[in-house]
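Q: Please take a close look at a single part of this model and set it in its surroundings. I would like one connected account.

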Amino acid sequence: MNNELLEAHVKYLHILSEAGHLRFCGPCLDDSAVMILSANDMDAVRGLVENDPFSGVNYYAERKVIEVQEATPGNDFLLGWSQDKMAITATPSN
């Protein structure tokens, strides 16, 4: 990590945010990081991730793209949504 790489990453985050793709991002306490992106399909999301300057230098050893279904009051927090779909995107804690 150096200042040039960090500045390029932050500039890219601004581009994603201004385009409406970046919903949330931040470092985790275990030294990993999370980016929640919005795009038309998974290929588009993968492209956004791979264009991040951090990806270009393999700053993170693993980049995992996982599709999620947003649970909101507007969709009654997915009440009645198929458990099969939930199993694809979430791992129970028990």
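Which residues make the nonpolar surface patch of about 430 Å²?

A: This is a predicted model, in which local features need pLDDT of at least 70 and side-chain atom pairs count only at pLDDT 80 or more, while totals for chains, interfaces and linings use all residues. Residues are numbered from 1 along each chain as its sequence is written, and side-chain values use heavy atoms, with hydrogens and water left out.

The patch of about 430 Å² is made by M1, L6, V10, V57 and Y59. Patch members have over 30% relative accessible area and no salt bridge; like charges are joined within 9 Å and nonpolar side chains (Val, Leu, Ile, Met, Phe, Trp, Tyr) within 5 Å. A salt bridge here is a side-chain nitrogen of Lys or Arg within 4 Å of a carboxyl oxygen of Asp or Glu. Areas come from the Shrake-Rupley method with a 1.4 Å probe, and for residues only the protein chains shown count as cover.

V57 sits in the loop between α3 (53–56) and α4 (83–89). Helices (H or I, at least four residues) and strands (E, at least two) are DSSP runs numbered from the N terminus. V57 counts as exposed because its relative accessible area is 51%; the classes are buried under 20%, exposed over 50% and partly exposed in between, with a 1.4 Å probe and protein chains only. At 36%, Y59 is partly exposed.

Y59 also belongs to an aromatic cluster with F54 and Y60. The structure holds 3 aromatic pairs. One of them joins Y59 to Y60 edge-to-face, at 4.9 Å centre to centre and 85° between the planes. Rings of Phe, Tyr and Trp (its six-membered ring) pair if their centres lie within 6.5 Å; planes under 30 degrees apart are stacked, over 60 edge-to-face and the rest tilted. Y60 is partly exposed, with 26% relative accessibility.

F54, from that cluster, is also a partner of H9, which touches D52, P53 and F54 once neighbours within four places in sequence are set aside. Contact means heavy atoms within 4.5 Å. H9 is placed in helix α1 (residues 3–18) and counts as buried because its relative accessibility is 11%.

The loop between α3 and α4 also holds N58 and D76. Neither is glycine, yet phi is positive in N58, near 50°, and in D76, near 55°. D76 is partly exposed, at 46%.

Elsewhere in the chain, β1 (residues 22–27) and β2 (residues 33–37) pair in the antiparallel sense over 5 bridges; two strands pair if DSSP finds at least two bridges between them. G26 stands opposite V34, and P27 has A33 as its bridge partner. Their hairpin has 5 residues between the strands, and D31 takes a positive phi near 75° there.

For the protein as a whole, the order along the sequence is α-β-β-α-α-α, giving 4 helices and 2 strands. Of its 94 residues, 16% count as buried. The accessible surface comes to about 7500 Å², with 52% belonging to carbon and sulfur atoms. Among contacts with a separation of 6 or more, 32% are between residues 24 or more positions apart.
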